[in-house]
Structures are given as structure tokens and as C-alpha cells.
Amino acid sequence: TYVVTDACIRCKYMDCVEVCPVDCFYEGSNMLVIHPDECIDCGVCEPECPAEAIKPDTEPGLEQWLDVNAEYAAKWPNITVKREAPKDADDWQGVEGKFEKFFS
Ligand code: SF4
Ligand code: F3S
């Protein structure tokens, strides 16, 4: 599966939802997640994200993010249509330590 990582937090560009063939993105207030059981590993979303937030879970160190994706995909609503990104999305691109912004 592919996972959305903390680079998405507060950026939330939503380009990813437009290309997913199985509509497996789920929306929280500050980021999206991928449902690990629904993702077919096609990889088309990875290059679409301007924040480079989407990674294959085969990359080392992503266990925490796989857990976050699995947990919140089960709680958050499905999203299939891109909307306008947050006005300050570009200010958050590449910022480190965004996990603390996850719920704010
Ligand atoms: Fe959707 Fe493919 Fe990305 Fe998985 S890898 S979330 S199926 S676009
Ligand atoms: Fe997030 Fe990138 Fe999608 S910033 S909403 S994973 S396009």
C-alpha cells in the first residue's frame, strides 16, 4: 500500500484524490490518508503530490504512518473530488515536525 505522511499536514493539496482509480483517500481537517486495504498499489498518486507526502510503505521508517493511515481511514469520510487547498498551504510545504499540527 501507499501511505500519506506528515508532509501532507496543512498542505492538503488534494491532487492525489483526482487520480486514484479506487477512490481510497479519506479526509481529515488537516490531511488525507489512504485506506491500506483499499489501495491497489498502482503508484499514480505519488508523483501527483506537490508536497511529496505520498510514499510506498516499503520505504523504511513509515510504520507509524501506516498505522495513522489505517486508523483514520476507518474514521474519516471518503474524498474523491479535489477542492481548493488551504490558503497557506505553500507556507507549510517542507516544514518539519508537522505531526503536532495533526489535530489542530
Ligand atoms: Fe490510489 Fe494508487 Fe495511490 Fe493507492 S497507489 S492511493 S490505489 S492512486
Ligand atoms: Fe496531501 Fe499531497 Fe494529497 S499534500 S492531500 S497527499 S496531494
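Leaving aside residues up to four places away in sequence, Cys20 touches Phe25 and Cys45, where contact means C-beta atoms, placed from the backbone, within 7 Å. This is a predicted model, in which local features need pLDDT of at least 70, side-chain atom pairs count only at pLDDT 80 or more, and totals for chains, interfaces and linings use all residues. Residues are numbered from 1 along each chain as its sequence is written, while chains are lettered from A and ligands numbered from 1 in the order in which they are written.

Cys20 sits in the loop between helix H1 (15-19) and S2; helices (H or I, at least four residues) and strands (E, at least two) are DSSP runs, numbered from the N terminus. Cys20 counts as buried because it has 20 C-beta neighbours inside 10 Å; the cut-offs are 20 or more for buried, 12 or fewer for exposed, and partly exposed in between.

Let's turn to the ligands. Around ligand 1 there are 14 residues, with Tyr2, Cys20, Cys39, Cys42 and Cys45 coming nearest; a residue is near if its C-beta atom, placed from the backbone, lies within 6 Å. Ligand 2 is also surrounded by 14 residues, and the closest are Cys8, Tyr13, Cys16, Cys49 and Ala51.

Now for helix H2 (residues 63-73), whose buried residues are Trp65, Val68, Asn69 and Ala73. Seen down the axis of H2, these fall within an arc of 115°, so they line one face of the helix; the arc is that of the directions from the helix axis to the C-beta atoms. Glu63, Gln64, Asp67 and Glu71 are exposed on the other side of H2. The cover over the buried residues of H2 includes strands S1 (2-4), S2 (25-27) and S3 (32-34).

Terms used: Two residues are in contact if their C-beta atoms, placed from the backbone, lie within 7 Å.
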